[in-house]
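Here is a short briefing on one protein chain. Keep the structure open as you read.

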Amino acid sequence: MDASREADISVLPEGCISDVLSFTTPRDACTLSTVSSLFNNAAQSDAVWERFLPADFRSIICRSGDHHSLLASSSSKKHLFFRLCQNPILIDDGRRSFVLDKWTGKKCYMLSARDLAIVWSDTPDYWRWVPDPGSRFAEVAELIGVCWLEINGRINTQMLSPATMYTAYLVFKLATGASGFRSQNAEVSVGLAGSTFSFKRSVLLDARIGRGRNLLLDNWFGSKAYVPAGGGDGRYPEVRKDGWLEIKLGEFLNKESEDGELEMSITEVKGGHWKHGLVVQGIEIRPKIE
């Protein structure tokens, strides 16, 4: 056979190239689709994008209230994939949300405040449940005042993508007049429930610079920017694209055969210090960005 023809990938059937692309990642498939029309056509195949979707994507979508319209309006598996990347869907009676990481296809979840175990959250003198237009959930938990702060969340590891390093974050904001968090470290942890090992450390939920400064500061572009007290080690809150704050709770490697419950917690219970104005949207678990 002619050597030049032997090296010409264009002689391969489109289905063969689709099979090859399905073993890459969504990022790779999109990049390779720009190489040639042959690769572009192969990269549109349902076979490619169904492999990028989680094996249990249908059962996950069926836990959403509008699953029929979501499936019916998706013209292809690629279209469905990007819809699940761009628009988190509410599942489990609106208590959790699900979205895909667009670069890897890994599963991401957020547990709403209602899905968390928040000590004293059922006592109106300490916490109140209110709607928030910036939240993806129907309501958030707003702290009126406690000296014992304890928030716990759990998710079954089988719901997560296997062989994946995950990071968990508390998603929150501080209401006007919030107090009790600036100088008090909170303890956070992530690990398997019942396990002797877990990721533990101290964080500072309120890292505002300067006495009396607002948490959200106007910068010279006219937008809002969070100014932490210093450090980039994850001990301080960071602003998300949706305008909320997040603080890293810890990391967890979900092994291929892992079966258990991932437990995440944040506590500040020492010294009897009263705290006010914490607004909790939930805990998000998403793949760690390398």
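**Helix H8 and its cover**

In helix H8 (residues 77-86), the buried residues are Lys77, Leu80, Phe81, Leu84 and Cys85. They span an arc of only 140° around the axis, so they lie on the same side of H8. The model is predicted.

**The whole chain**

- The protein chain has eight helices and 16 strands.
- It counts 290 residues, and 43% of them are buried.
- Take the contacts between residues at least 6 apart in sequence: 67% of these join residues at least 24 apart.

**Nonpolar cores**

- In soluble globular proteins, nonpolar side chains tend to be buried together.
- Which members of the largest nonpolar core touch the most other members? They are Leu249, Met264 and Leu278, in a core of 59 residues.
- Strand S8 (residues 164-179) gives the most to this core, with six residues.
- A second, separate core has seven residues, among them Met110, Phe137, Val171 and Trp244.
- Look at Met264 and set aside its neighbours within four places in sequence. Its contacts then include Leu111, Ile151, Ile155, Ala168, Val190, Leu249, Ile283 and Ile285.
- Met264 is also in contact with Asn152, Gly153, Arg154 and Ser189.

**An open sheet**

- Five strands make an open sheet, in the order S4-S7-S15-S9-S10. Their pairing is antiparallel.
- Which strands stand at the edges? They are S4 (117-118) and S10 (199-203). Each has a single partner strand, so one side of each is left without a neighbour in the sheet.
- S4 is joined to strand S7 (residues 149-156) by two bridges, and the two strands run antiparallel.
- Ala117 stands opposite Asn152 in S7. Asn152 is also one of the contacts of Met264.

**The largest pocket**

- The largest pocket holds about 1,200 Å³ of space.
- Its lining has 37 residues. Closest to the centre are Asp101, Glu284, Arg286, Pro287 and Ile289.
- Which elements give two or more residues to this lining? They are H8, S2, S8, S13 (238-239), S14 (245-254) and S16 (276-287).

Conventions
Residues numbered from 1 in each chain as written. Predicted model: local features only at pLDDT ≥ 70, side-chain atom pairs only at ≥ 80, totals over all residues. Heavy atoms only, no water. Core = buried A, V, L, I, M, F, W, Y, C linked by side-chain atoms within 4.5 Å. Buried < 20%, exposed > 50% of the residue type's maximum accessible area, 1.4 Å probe, protein only. Helix = DSSP H or I, 4+ residues; strand = E, 2+ residues; numbered from the N terminus. Contact = heavy atoms within 4.5 Å. Arc of directions from axis to C-beta. Pairing = 2+ DSSP bridges. 1 Å grid on protein atoms, 1.4 Å probe; cavity = no way out; pocket = protein on both sides within 12 Å on 5 of 7 lines; lining within 4 Å. Points joined across faces, edges and corners; volume = space filled by probe spheres on them.
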